[in-house]
Amino acid sequence: MKLRLESFGELRLIDLAGQPVAFPEKGLLAICYLLDRYLQNGAGSEYPRSALARFLWDSHDNPDIMANLRKTISRIQARQTELGTELLIFTATGVRIKPDAFVCDLFELAKSDGGGALENLRRLVAVLRQDFLAVLADQSVSTQQWIAGQRDRHMAILVDAMKTALPTARSREDISLIKEAALRIFRDAPDDENIRRILLEAYESEGQLENARRLFEASRHGLESALDIGLDVQALREVRKVFAGSQSPPSVMEPLSDGGSRVARPLPRLVLLPPGGMDAAGALPMLCGPLIEDVTIGLCALNTVSVVAPHTAARIAGHADKAELILRHSISYVLDTRLTDHALFVQLIHASGDEVIWAERFNLEKYDLISHRRDIARRIARELAGQVRRHETMRHSFEGNSAAYHSYLLGLRDVKRLSLPDIRHSRKAFREALQHSAHFAPALSGLSRTFVVEWLLTARGDRELLGLAEDYANRAIVADPSLAAGFRELGVAKLYLGDIDESLLALKLAEELSPHYADGIASYADTLVHASRPSDALIKIDRAISLNPLSPTDYLWTAAGANFALGHYAEALEQISAMDDRTPADRLSAACWAMLGDMKNARLYMRKVREIYPDFDVDKWLSVVPFKEQWQKEQYREALRRAGF
């Protein structure tokens, strides 16, 4: 029996006859939550039970969330058996939806614009007449935050659809549709000046300006400033520009209620650095310059980012101190490009945090670059625009609170340094950021990472640290389920808690959410080492290093661990020697030298470890470090014993 799930207005299941079907409300909410992830990210694999429990019940108010989840699962499974259909599938560690087992109004939001802009708008207006999950009992704080975020996203979709449809609106019916969409948006955003102008023009075309005046007057108390409605010729002229699709670019000044103005927030600046070696012989270097210029031109059409001109970009690329010029010109994002034999490597970096947001390698061998250059440019420009928009959305969580954002960036910087003082500085900075924004997911995931790294560095097997890491990772997932970092940190915490299968599941989800997230892929590789799959781990870590060639220390540490497990001890030592700070890998160095028979170096590194951790005990350490298969643990034990531990 194919059921229909309605989520706008009342949350309920409907059968083929249009009659409501009884089903646990928490189950329907879980379906909506997982379906949203599936539609947005294609994430159809298992979702961890623990993360779902935290979404449905806040742990601070109810410590028995896993017991609640088990009871709910039991009720859902019993009801699904009665109905003879499966909407949710449960395993020992996770849950996933069967999107082909039901239809849902959320599918309407994901449909492509196949019927034209006006038909797309008409469909969205019909779906969004009521609020998403408007009638829902017993909401947790996490659920409330997610619902609020979904409603904001739905309105953004409707706004985009209306803007697309505006230039084609000609008939009275079209204008009426535009008005209905604008009224729906106005209900949630009565202070949006463009929406008010669109409504004004629509009412004027129907000869109902008095109705517009009454509408705006009724919402006046909810606005930052009152709008003087009347036959304002200038206002009507501005609206006609909107309908004609030629609205003037936004002013750099924003009006205030007292008649003054303030400077609007500047757009983020992006510079595209051309690849080196452009003067080399051959068609490929000659065409890569125009390719980057095509990308730049494409981005210049956006009103969400300010692009540095190619001439200045070329000057920055050739300067000895790029970082100083980037800072001087207030550049927010840098697209670094490199030309290899037959490939173009691109890497988007957030300048303030020196953070790699996205990276991709374009194999140019398969293209006729002369004829496909603009296709490649459009693909790069589209991906860049999306990545900058998503990152800016995250950054705007700190708008108006520069101290909090500064604290987050400091934490991000220090967490990359594998020493206890830096890790504790990082933790302090993340906590300061959370004091200003308690649900900021990147800071929550960063805090989780500090506890795991401290656990690794101290080598004391303190499970309390891992429990804190797991807790903060789960909080990050609840705060922003689309952020891969939360799943990454959950996977790392689960690994050292001994839940290797759950760790692999969480890290697989992180990779699905963000296929170019180098740090997440590196953590996936580390878990594969502990899962006794070192060959698979090397493939993953090579992928992470290709995305982030100037690799952090922990990438090389993971690569060394995979090589050690494969018996490639010399290769492991080569990876360790490339680390900026080799101290965290001293134990592994001692083990490698011992297995190579070089006892002088093995003893040297053993003594270095003893100087920092005088009470280090091999058996105690190996009792808490998870390895799926015993041979791997025995290999490490034998190596450390040979080294003199």
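I take the expected span of a helix as 1.5 Å times one less than its number of residues, and helices (H or I, at least four residues) and strands (E, at least two) as DSSP runs numbered from the N terminus.

**Basis.** I am working from a predicted model, in which local features need pLDDT of at least 70, side-chain atom pairs count only at pLDDT 80 or more, and totals for chains, interfaces and linings use all residues. Residues are numbered from 1 along each chain as its sequence is written, and side-chain values use heavy atoms, with hydrogens and water left out.

**Overall.** I find 28 helices and 14 strands in the protein. Of its 645 residues, 51% count as buried (under 20% relative accessible area, 1.4 Å probe, protein chains only).

**Helix 20.** I looked up residues 500-513: these 14 residues reach 20 Å from first C-alpha to last, close to the 20 Å expected at 1.5 Å a residue. Helix 20 is mostly covered, with 10 of its 14 residues buried. Among them I note I500, E502, S503 and L513.

**Helix 2.** I then turned to residues 49-56. Eight of the eight residues of helix 2 are buried, so this helix is largely enclosed by the rest of the structure. The buried residues include R49, R54 and F55.

**Cores.** I searched for nonpolar cores (sets of buried Ala, Val, Leu, Ile, Met, Phe, Trp, Tyr and Cys residues joined through side-chain atoms within 4.5 Å). The largest has 82 residues, and Y47 and L121 have the most contacts inside it. Apart from this core lies another, of 81 residues, including A522 and L573.

Methods. Buried < 20%, exposed > 50% of the residue type's maximum accessible area, 1.4 Å probe, protein only.
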